Structures are given as structure tokens and as C-alpha cells.
Amino acid sequence: MTGYRAAMQLFRAFIPLIDERGWEGFSGNVDVCIDGSRDPVEPDFVLAPKDCPRWGERELLSSGLMLVAEVVSKGSAEDDRNKKPAIYAGGGVPVMLLVDPLTRPASVTVYSDPKEGQYQVTSTVPFGREVHVPHPIGFTLDTSVFEEVL
């Protein structure tokens, strides 16, 4: 339940940006098709332009996305922390957020600047602090929205 609640808090935090830019937000109800491999992944949150290229009915192509986010749970910790950053970077997703309520202190990590299958820049803050989400987002996220889901 914590993951779902954190994903919804993330969705709510991005509503002003979604409205301002005419983007779409998805929380667990869309798959991402990784460009190249065509492997599907289901992030906890996705931010995409309305004209994001699709692969099938409910799969968005990774190279058309603005941001993906994963919320770490006991069952997903290994994949979310160690595998998915490389998957999303390799698929051309410009920004990935990792909301990790299991670390001490609980934290949010922003991955950006994907090159050759790896994000070149990471920034981690504990819940309760603000973190800058860089281009193409250009948004300051107040991570205190996740404190209530702990």
C-alpha cells in the first residue's frame, strides 16, 4: 500500500506542471516499452507529453517520456535500485525518480542526463527536503509529501 500511496502523492505534486504544460501523468496504469529491446516495464509513475509515441494500446515508448518514477518496496528493492536506472537510461528516459521509503533515512534520488545506458547525474535527499528535478522537467519537488506514507 505504501508504494501506491507514494505514487499518488507524486502524481498530486506534479499536477501543476501537468496542467501548465499539457502533459499526462500515469500512476501504475500504463506500461513503458523500452526503445530497442521492446521490453515492457510498468513504472509506478510516468510523466509524458500527450503526443508520446505508443507501442500498442497501453504502452508508451520510453524515448518519448519526460520522467519515470519507482517506489521501492521489499519485493522490488533489487530491481528498482540496481536494474531499473540502467533500463530507463538505456531507453532514453531523461529523468528517473527513485522514492525509497526503506532506506534510513527514507530518501528520493533523481537520476538524469542518460548517456550510453547510464545516468550521469544523481542527487539524493532525505524525505522532507526539496530536490530539483532537472530538464526537461525543471521542477522543484518537495519530498515532504512522502513523509505521511512511511
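Strand β6 (residues 67–71) and strand β7 are paired in the parallel sense over 5 bridges, where two strands are taken to pair if DSSP finds at least two bridges between them. Between these strands the chain passes from β6 through α2 to β7, and this β-α-β crossover is right-handed; that is, with the strands pointing away from the viewer, the path from the first strand over the helix to the second runs clockwise. Helices (H or I, at least four residues) and strands (E, at least two) are DSSP runs, numbered from the N terminus.

The model is predicted: local features require pLDDT of at least 70 and side-chain atom pairs count only at pLDDT 80 or more, whereas totals for chains, interfaces and linings use all residues. Residues are numbered from 1 along each chain as its sequence is written, and side-chain values use heavy atoms, with hydrogens and water left out.

Strand β7 (residues 95–100) is largely enclosed by the rest of the structure, because 6 of its 6 residues are buried, buried denoting under 20% relative accessible area, exposed over 50%, and partly exposed in between (1.4 Å probe, protein chains only). In a regular strand the side chains alternate between the two faces of the sheet. In β7 both faces are covered, with V95, L97 and V99 buried on one side and M96, L98 and D100 buried on the other.

Strand β7 is also joined to strand β8 (residues 107–115) by 6 bridges, and these two strands run antiparallel. The bridge partner of V99 in β8 is V108. Together β7 and β8 form a hairpin with 6 residues between them.

Helix α2 (residues 77–90) contains K84. This lysine is buried, with a relative accessible area of 13%. The side chains of K84 and E70 are joined by a polar contact of 3.2 Å, a polar contact being a pair of N or O atoms within 3.5 Å; within protein, one must be able to donate a hydrogen and the other to accept it, and residues adjacent in sequence count only if both atoms are side-chain atoms. Apart from neighbours within four places in sequence, K84 is in contact (heavy atoms within 4.5 Å) with V41, E42, E70, D79 and M96.

An open sheet of 3 strands has the order β3-β2-β5, with mixed pairing. Its edge strands, β3 (40–41) and β5 (59–61), each pair on one side only. Strand β2 (residues 31–33) runs antiparallel to β3, the two being joined by 2 bridges, and C33 stands opposite P40 of β3.
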